[in-house]
Amino acid sequence: MRSIADTESSNRDKASHETVMTGLNAGSSAIGRYGMMPITTKELVVKNPSLNKYKHVLKYSDSQLADFMHKNPQFQKEVASAHYDRLSKIFNGNLVHIAHAWLNGVQGTKNAIKAKQNLNNHWHVQKVINARNKILGIKTEDKKQKVNKKPKKVQMPKSSKIIIP
C-alpha cells in the first residue's frame, strides 16, 4: 500500500489530484494519499462489509467526501486497503496488473491484457514498482544494462606483453 501512496501523492493525506476529463470519472478528482476516486470509494463502502460503518459518506458530494477523507486518514487507509484487496483477488496478486488497474480500472486493465499490451512498461506501473523497490531497499537497475549478454572477449595484440611485478 505504501508504494501506491508514494506514487499517487508522495504519501500525503491531503494531496490534490487533476480532474479526470473523460470516462466514468469525468469531472471528478482522485482524493488523498491513495488517489481514490469518489465513485470507487462509494462503491467499496456499499460492497465491502468492513466499510459499513461509513455508509453516511454515500450521500456526500465529491467535495464533501474529499473533506471527510482529508480529515480521516484512517478511512482513506481502510478504503484503499479494501480496494487493493479487491484488485489483488481479481488479478491473482499480480502487482503489475494491480498497479495498472489502480489508475485505469479493472475493465481498462482487462482490456489491456486482452489486447496483449505490455503493462510492465506502463508509466504508472513503473512508478509503483520503483516505489515498492525503494521501500524494500531493492536497487532498480536500468533494464538495458540488465540484459544477459556474454561479455565481449578482449584480445590483446600479439605484440603486447604483460609485465607483472
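Contact means heavy atoms within 4.5 Å. The model is predicted: local features need pLDDT of at least 70, side-chain atom pairs count only at pLDDT 80 or more, and totals for chains, interfaces and linings use all residues. Residues are numbered from 1 along each chain as its sequence is written, and side-chain values use heavy atoms, with hydrogens and water left out.

**Exercise 1. Overview**

State how many helices and strands the protein has, and in which pattern they follow one another.

Solution. 
- Helices (H or I, at least four residues) and strands (E, at least two) are DSSP runs, numbered from the N terminus.
- The protein has seven helices and two strands.
- Along the sequence the pattern reads α-β-β-α-α-α-α-α-α.
- Buried means under 20% relative accessible area, exposed over 50% and partly exposed in between (1.4 Å probe, protein chains only). Of the 165 residues, 36% count as buried.
- Among contacts between residues at least 6 apart in sequence, 43% join residues at least 24 apart.

**Exercise 2. Helices H5 and H6**

Describe how H5 and H6 cross, and name residues that meet there.

Solution. 
- Two packed helices are described by the angle between their axes and the distance between the axes.
- Axes are lines fitted to C-alpha atoms, for helices over the stretch in contact, and angles run from 0 to 180 degrees between N-to-C directions.
- The axes of H5 (residues 95–114) and H6 come within 8 Å and cross at roughly 125°.
- That angle makes H5 oblique to H6. Angles under 35 degrees count as roughly parallel, over 145 as roughly antiparallel, 65 to 115 as roughly perpendicular and the rest as oblique.
- The crossing of H5 and H6 is right-handed. A crossing is left-handed if the near helix is turned anticlockwise from the far one by less than a right angle, and right-handed if clockwise.
- On the H5 side, the residues in contact include Leu 95, Trp 102 and Leu 103; on the H6 side they include Trp 123, Val 128 and Ile 129.
- By class, this contact has nine nonpolar, two polar and one charged residues. Ala, Val, Leu, Ile, Met, Phe, Trp, Tyr, Cys and Pro count as nonpolar, Asp, Glu, Lys and Arg as charged, and the others, Gly among them, as polar.

**Exercise 3. Arg 12**

Locate Arg 12 and find what it touches.

Solution. 
- Arg 12 lies in the loop between H1 and strand E1 (16–19).
- Arg 12 is partly exposed, with a relative accessible area of 46%.
- Not counting residues up to four places away in sequence, Arg 12 touches Gly 32 and Arg 33.
- The C-alpha atoms of Arg 12 and His 70 are separated by 9.7 Å, although these residues are 58 apart along the chain.
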